[in-house]
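Please look over the sequence and the structure first.

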Amino acid sequence: MIEDREPIRVALLGCGTVGTEVLRLLQDQPEEFAARAGAPVQVTGVAVRRPHKHPAVPEHLLTTDAQALVEGDVDVVVELIGGIEPARSLLLTALKSGKSVVTANKALLAEHGSELYSAADAAGADIYFEAAVAGAIPLLRPLRESLAGDRINRVMGIVNGTTNYILSAMDSTGAGYSETLDEAGRLGYAEADPTADVDGFDAAAKAAILASLAFHTRVTANDVHREGISGVSPGDIAAAKSLDRTVKLLAICERVVDDEGGESVSARVHPAMIPRSHPLAGVGGAFNAVFVEAEAAGQLMFYGQGAGGAPTASAVLGDLVAVARNLVVAGKGPRESAHAQLSVRPMGDTPTRYHISLDVADKPGVLSQVAATFNEHDVSISVVRQQGRGDEASLVVVTHTAPDAALRSTVDKIAQLPVVREVVSVMRVEGEPS
């Protein structure tokens with residue numbers, strides 16, 4: 001009988017929005033979780049900084065001594081406090097003592113994942129982290145389990161709800177970035193300090209985790225090229241619309257093959273124009289979606305709520321049930337797979353495409369001078385369009401694929417041409433053949 005089995009004892013570190021939902025669901029549905037896990041699941045302690053802020057948590061569970069809780073008589077440590085320290089030290093303590101870990105800490109995994117995975121392997125403990133990327137969306141487990149027999153070539157997605165809300169609102173209303181950010185804050189989609197979201201730090205940490213899993217290579221947040229959305233203007237949005245595209249902040253992780261057949265990994269986060277026909281273009285509001293391209297499975301898309309207490313708690317509890325099942329049968333979950341050890345390709349060497357808007361003089365020879373500059377840098381042009389006359393003259397250029405450094409050098413050189421009054425907008429183009 002399940003109820004006769006020894007309970008799986010859980011230490012919960014942190015009881016904020018997600019932790020509160022995790023605890024509530026475990027307390028409200030004990031029989032359900034016991035049936036799913038194969039044994040009762042019992043929270044033995046909840047570590048918080050200010051116990052008086054958690055009146056709904058039974059007093060006998062609350063503690064301010066997270067270290068003692070982790071070192072105590074528990075089987076699983078669920079970490080929901082975020083940040084690097086003390087989370088890193090606490091999880092290393094747990095893993096080294098053979099206790100399994102469930103975490104939603106993307107920043108920690110992106111910076112110190114290899115250290116945690118090594119500790120888990122050495123002690124034979126599990127580490128699960130589905131909630132670290134894209135909230136409730138089942139994404140990481142498919143990458144490291146369901147697609148383990150396939151070769152993944154590209155992972156591209158919207159992994160930050162705040163920036164997606166802002167860009168979606170700019171697209172639908174024509175409002176500017178600052179105005180839309182303020183509105184996102186009022187509606188609760190943006191933090192009081194939105195830096196981690198709007199400057200791309202959050203998405204970069206998630207991209208590092210995705211690239212590591214997809215390409216069996218250790219990729220850290222520092223390896224990910226990062227650009228935020230604060231520079232996206234209504235003019236950029238309008239330019240995208242004129243080409244039947246929309247602008248999204250994308251996390252793009254891909255396998256790149258050079259002319260000699262050598263492989264490397266590119267991981268980057270930046271705004272990009274994508275065709276409105278692309279599946280990611282229709283992802284609006286604060287939702288997340290990730291598009292995966294694999295050799296055998298083909299194209300797959302994972303979509304859903306990427307943040308929030310209940311959705312993220314769903315992912316945490318899914319991991320907890322998986323860990324508990326492993327403990328019941330004395331098994332182990334999937335281990336880290338970093339056997340490929342591919343190098344990380346610098347952004348300058350990564351093939352990309354640019355959309356460039358130029359404010360130009362309305363005189364003969366403008367197009368030939370601009371085209372000659374592209375030719376000097378071995379960058380070919382896919383689309384060129386001139387609009388307006390006189391002081392309103394503008395030139396729009398969309399390139400074919402070229403190394404990002406060559407594209408950037410081309411733009412810098414064009415800006416110096418006498419016939420170019422201003423480089424109005426530069427944005428990368430993704431999601432369609434080059």
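The model is predicted.

**Ala-132**

- Ala-132 sits in the loop that joins β6 to α6 (140–146).
- Buried means under 20% relative accessible area; Ala-132 has 3% relative accessibility, so it counts as buried.
- Setting aside neighbours within four places in sequence, Ala-132 is in contact with Thr-103, Ala-104, Asn-105, Lys-106, Leu-109, Lys-206 and Ile-209.
- Between the C-alpha atoms of Ala-132 and Asp-244 the separation is 33 Å, and the two residues are 112 residues apart along the chain.

**Helix α5**

- A straight helix of 18 residues would span 26 Å, but the end C-alpha atoms of α5 span only 22 Å.
- At His-112, α5 bends by about 85°.
- The buried residues of α5 are Leu-108, Leu-109, Ala-110, Gly-113, Leu-116, Tyr-117, Ala-119 and Ala-120.
- An α-helix has 3.6 residues a turn, so residues three or four places apart point the same way.
- The packing partners of the buried residues in α5 are the strands β4 (76–79), β5 (100–103) and β6 (127–128), together with the helices α4 (87–96) and α10.

**Largest pocket**

- The volume of the largest pocket is about 1,400 Å³.
- The lining of this pocket is made up of 48 residues, and the closest to the centre are Lys-106, Glu-191, Asp-197, Asp-202 and Ala-307.
- Elements that give two or more residues to this lining are α1 (17–28), α5 (106–123), α7 (161–173), α9 (195–198), α10 (201–215), β11 (287–294) and α12 (309–328).
- With 5 residues, α10 supplies the largest share of the lining of the largest pocket.
- By class, the lining of the largest pocket holds 20 nonpolar, 19 polar and 9 charged residues.

**Second largest pocket**

- The lining of the second largest pocket divides into 9 nonpolar, 4 polar and 3 charged residues.

Terms used
Residues numbered from 1 in each chain as written. Predicted model: local features only at pLDDT ≥ 70, side-chain atom pairs only at ≥ 80, totals over all residues. Heavy atoms only, no water. 1 Å grid on protein atoms, 1.4 Å probe; cavity = no way out; pocket = protein on both sides within 12 Å on 5 of 7 lines; lining within 4 Å. Points joined across faces, edges and corners; volume = space filled by probe spheres on them. Helix = DSSP H or I, 4+ residues; strand = E, 2+ residues; numbered from the N terminus. Nonpolar A, V, L, I, M, F, W, Y, C, P; charged D, E, K, R; others polar. Expected span 1.5 Å × (residues − 1). Bend = angle between axes of the 7 residues up to and from the residue. Buried < 20%, exposed > 50% of the residue type's maximum accessible area, 1.4 Å probe, protein only. Contact = heavy atoms within 4.5 Å.
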